[in-house]
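Here is a friendly walk through the inside of a protein, from its packing to its rings and charges. Keep the 3D view open as you read.

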Amino acid sequence: MILVISEKSRDMADTSALTSENASSSVYNEVKEYYGKILKQSSDLKSNACVPSAKPIPAYVRKVLAEIHQDVVAKYYGCGLVVPECLEGCSVLDLGCGSGRDCYMLSQIVGEKGQVTGIDMTEDQLEVARKYVDYHVQRFGYKKPNMNFVQGYIEALVDAGLKEKSYDVIISNCVVNLSPDKLSVLREAYHVLKDGGELYFSDVYSDSRIPEDLKANKVLWGECISGALWWEDLIRLAEEVGFSKPRLVTAAIITVGNKELEKLLGDYKFVSATYRLFKLPKGSKKQACLAIYNGNITGAVESFEFDAQYNFKANEVMEVDGDVASILINSRFSEEFTCQPQGVKISGKCISKPKDVSINPFELVKQLGIAKVTGSTGGCCADPKSCC
């Protein structure tokens, strides 16, 4: 069959592509304006979309946060805490790093042998981040910086100069919702991650797809609300790109806290949720097994809460499904677990089972009894086997 495309059809396709490109360009410009010019500090936000983590902040993280310059913290607009475990010596990328708060936090955790890169499209935010590089190097007692900041788009990481298969971990804190092309964000993240690498990110999600008229509202978009993905679309897009099935870590309901914006939104509901997505080597087997956590991860000596379903107690045996087994065997966590085939008897140890929880973040909040969050903005490795 020969497909004939008329000149009119070509013109329509070209016009559609141009319209889409112009729309994306408009979103980028509006977000730059909002975060670079309109918002001067976190207290200028007009809603509660930027909320604290639903989980307690570990003591070692509180300690490193206290070392960050207050000017950097004041320009922080994240919606959760993105500190994945087992980061010593890792190469980490922060998507939409803004003023660099999370980069400076992670630069202490990965250590002087690790590396942290932040990428952001807003020069005003990057100016703040770059201004305090020398300050933090001296504060941390490093001989040279282990952090750097790149201006670019999270939908085009390779074009910004970031190399494919070069990062162990990618984090993002309340930024993906601001992108007009979320599929490209996930694709680019996948490209620059090493095999076994992880995308660990906190973001805002909706209980259904947001209509175009709300997406067009500059304030709703800038406040991380109308650009939120329907949580089911995240699952679909992640698997389409090639990531393992997203693992839901934690979630908290967002109350907008602005009557004018709430009136515009009607019955739409929102949640702040943290997910882990892994780039597993091609052909990785997914076979359920028995896993024993060795108890050596910094900040998680007694137990390691991998996600909402799996909380591994040190030296105890737990049944894990094929997806999680493949992650534990092929990621930077491989040296932290001893995995045995199902059916093997392990003397003197009882076998635990994972929690039966929903993959729907809104249902998870109900199941775990997490209270509504009213909002507050205050506040592995070169060799995967040697990360911890």
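## Buried cysteines

A residue counts as buried when its relative accessible area is under 20%. Keep in mind that this is a predicted model. Cys90, with a relative accessible area of 0%, is buried by that cut-off, and Cys103, also listed at 0%, is buried too.

How many disulfides does the structure hold? The count is 0. Take Cys103 as a case to look at: the nearest cysteine sulfur belongs to Cys97 and is 4.8 Å away. A disulfide needs the two sulfur atoms within 2.5 Å, so Cys103 is in no disulfide.

The largest nonpolar core has 42 residues, and the members that touch the most others are Leu93, Ile170, Leu199, Tyr205, Phe243 and Tyr275. At least three residues of this core come from domain 1 (27-279), and at least three from domain 2 (289-369).

Leaving aside residues up to four places away in sequence, Phe243 touches Leu186, Ala189, Tyr190, Leu193, Leu199, Ala238, Leu277, Phe278 and Lys279.

## Helix H10 and its cover

Ala238, one of the residues touched by Phe243, is also among the buried residues of helix H10 (residues 231-241). The buried residues of this helix are Trp231, Asp233, Leu234, Ile235, Leu237, Ala238 and Val241.

What covers them? The cover includes helix H7 (182-192), strand E5 (193-206), strand E6 (229-230), strand E8 and helix H13 (361-368). After H10 comes Gly242, which has a positive phi, near 125 degrees.

## Aromatic pairs

The structure holds 16 aromatic pairs. One of them joins Phe278 and Phe333 edge-to-face, at 6.5 Å centre to centre with 65 degrees between the planes. Phe278 belongs to strand E8 (residues 270-278), while Phe333 is in the loop between helix H12 (322-330) and strand E13 (337-341), so this pair ties together parts that are 55 residues apart in sequence. Phe278 is buried at 0% relative accessible area, and Phe333 is buried at 0% as well.

Another pair, Phe304 with Phe337, is tilted, with 6.1 Å centre to centre and 50 degrees between the planes. Because Phe304 lies in strand E10 (residues 303-305) and Phe337 in strand E13, the pair ties together parts that are 33 residues apart in sequence. Phe304 is buried at 0% relative accessibility, and Phe337 is buried at 7%.

## Charged side chains

Which rings have a charged end sitting over them? One is the ring of Tyr76, with the charged end of Arg101 at 3.7 Å from its centre. Another is the ring of Tyr190, where the charged end of Lys279 sits 4.8 Å from the centre. Both Tyr190 and Lys279 are among the residues that Phe243 touches.

Along the chain, Arg332 and Gly196 are 136 residues apart, yet their C-alpha atoms are separated by 6.9 Å.

Technical notes. Residues are numbered from 1 along each chain as its sequence is written. This is a predicted model: local features need pLDDT of at least 70, side-chain atom pairs count only at pLDDT 80 or more; totals for chains, interfaces and linings use all residues. Side-chain values use heavy atoms; hydrogens and water are left out. A nonpolar core is a set of buried Ala, Val, Leu, Ile, Met, Phe, Trp, Tyr and Cys residues joined through side-chain atoms within 4.5 Å. Buried means under 20% relative accessible area, exposed over 50%, partly exposed in between (1.4 Å probe, protein chains only). Domain bounds come from an automatic or database domain assignment. Contact means heavy atoms within 4.5 Å. Rings of Phe, Tyr and Trp (its six-membered ring) pair if their centres lie within 6.5 Å; planes under 30 degrees apart count as stacked, over 60 as edge-to-face and the rest as tilted. Helices (H or I, at least four residues) and strands (E, at least two) are DSSP runs, numbered from the N terminus. A charge sits over a ring if NZ of Lys or CZ of Arg is within 6 Å of the ring centre and within 35 degrees of the ring normal.
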